[in-house]
Amino acid sequence: MAGTPHIVVAADLPALVAQAAAHIRDAATAAIAARGRFRIALAGGSTPRALYPKLVDGIDWARATVFFGDERAVPPDDAQSNYRMARETLLDPARVPPANVARWRGEDPDLDAAARDYQAALTRGASAPWLDLALLGMGPDGHTASLFPGTSALAEEERLAVALDVAEMGTRRLTLTYPALCGARDVCFLVTGRDKAPALASVVEAGHLPAARIVRRAGPVTIFCDEAAASGLGAAKRDERA
Ligand code: 6PG
């Protein structure tokens, strides 16, 4: 139902990543069959590290364009780099052509310019919806991508990519915005751990916190979570067990 996410609760991480990987492979196959191309935005953080190796096979990466939902203000070889994590766990093992990968220039001293260039990369030779699938994580504070509570990025209604200050972390980030992420043909969240249970319940049940606007968007949203992260959800909200 529009505005209501489909929630898949997995008993453990292997079951979770198997379910999410199957969903993403199906989305890739459908996009390539329909439009000859699969445009995906990858999530950063630590949770996708277990999923990405499962995506090496079963997707025609030569016909894919890979974006990132967000990036830290670091060089591409930094341990904090979302690009580096994806390169090590997916892009290199899958031999994704470098020309098919749009990396944020996190190392750029002018992050606003880097954000403008990323919007240009996202829209080049394409039309809206800009993404076939946006893969997202969520923090214990309900942030997703780098749409953190109380930040300027939450109010952005025009631009698809912005740089922002994250005062609580004393850092700057680069992120796709609500217009870019809410506009994706399909959205998947990957959420694990008990520390995220209150935020997930608040996002799903009450519609609060930054991730809520994406979870409640009109299009299809699937939340893949483990038992611990789902522990705050009422039984009625759990659509599927894996
Ligand atoms: C980032 C992410 C961010 C992440 C959440 C969850 O760059 O940090 O894009 O939105 O998905 O913080 O992170 P974990 O998966 O590490 O819990």
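1. R95 is found in the loop between helix 2 (82–91) and helix 3. The model is a predicted one, and in it R95 has a positive phi of about 50° although R95 is not a glycine. As background, most residues other than glycine have a negative phi, and most peptide bonds are trans.

2. The peptide bond that joins A128 and P129 is cis, with omega at about -5°.

3. Next, the ligand. The space that the ligand takes is the largest pocket. Around the ligand there are 14 residues, and those that come nearest are S46, T47, D70, A145 and K196.

4. H143 is another, with a side-chain N or O atom 2.7 Å from an oxygen atom of the ligand. For R173, a polar side-chain atom lies 3.3 Å from an oxygen atom of the ligand. On its own the ligand has 410 Å² of accessible area, and the protein covers 87% of that area.

5. Last, the aromatic rings. A pair of aromatic rings is described by the distance of the centres and the angle of the planes. The structure holds three aromatic pairs. One of them is formed by F67 and Y118: the ring centres are 6.2 Å apart and the planes stand at 85°, so this pair is edge-to-face. An angle over 60 degrees is what counts as edge-to-face here. F67 belongs to strand 3 (residues 64–68) and Y118 to helix 3 (residues 111–123). The two residues are 51 residues apart, and the pair links distant parts of the chain.

Conventions. Residues are numbered from 1 along each chain as its sequence is written. This is a predicted model: local features need pLDDT of at least 70, side-chain atom pairs count only at pLDDT 80 or more; totals for chains, interfaces and linings use all residues. Side-chain values use heavy atoms; hydrogens and water are left out. A residue is near a molecule or strand if one of its heavy atoms lies within 4 Å of it. A polar contact is a pair of N or O atoms within 3.5 Å; within protein, one must be able to donate a hydrogen and the other to accept it, and residues adjacent in sequence count only if both atoms are side-chain atoms. Accessible areas come from the Shrake-Rupley method with a 1.4 Å probe; for residues, only the protein chains shown count as cover. On a 1 Å grid over the protein atoms alone, a cavity is a set of points where a 1.4 Å probe fits but cannot get out, and a pocket is an open set with protein on both sides within 12 Å along at least five of seven lines; lining residues have an atom within 4 Å of a point. A molecule sits in a cavity or pocket if more than half of its atoms lie within 2 Å of its grid points. Rings of Phe, Tyr and Trp (its six-membered ring) pair if their centres lie within 6.5 Å; planes under 30 degrees apart count as stacked, over 60 as edge-to-face and the rest as tilted. Helices (H or I, at least four residues) and strands (E, at least two) are DSSP runs, numbered from the N terminus.
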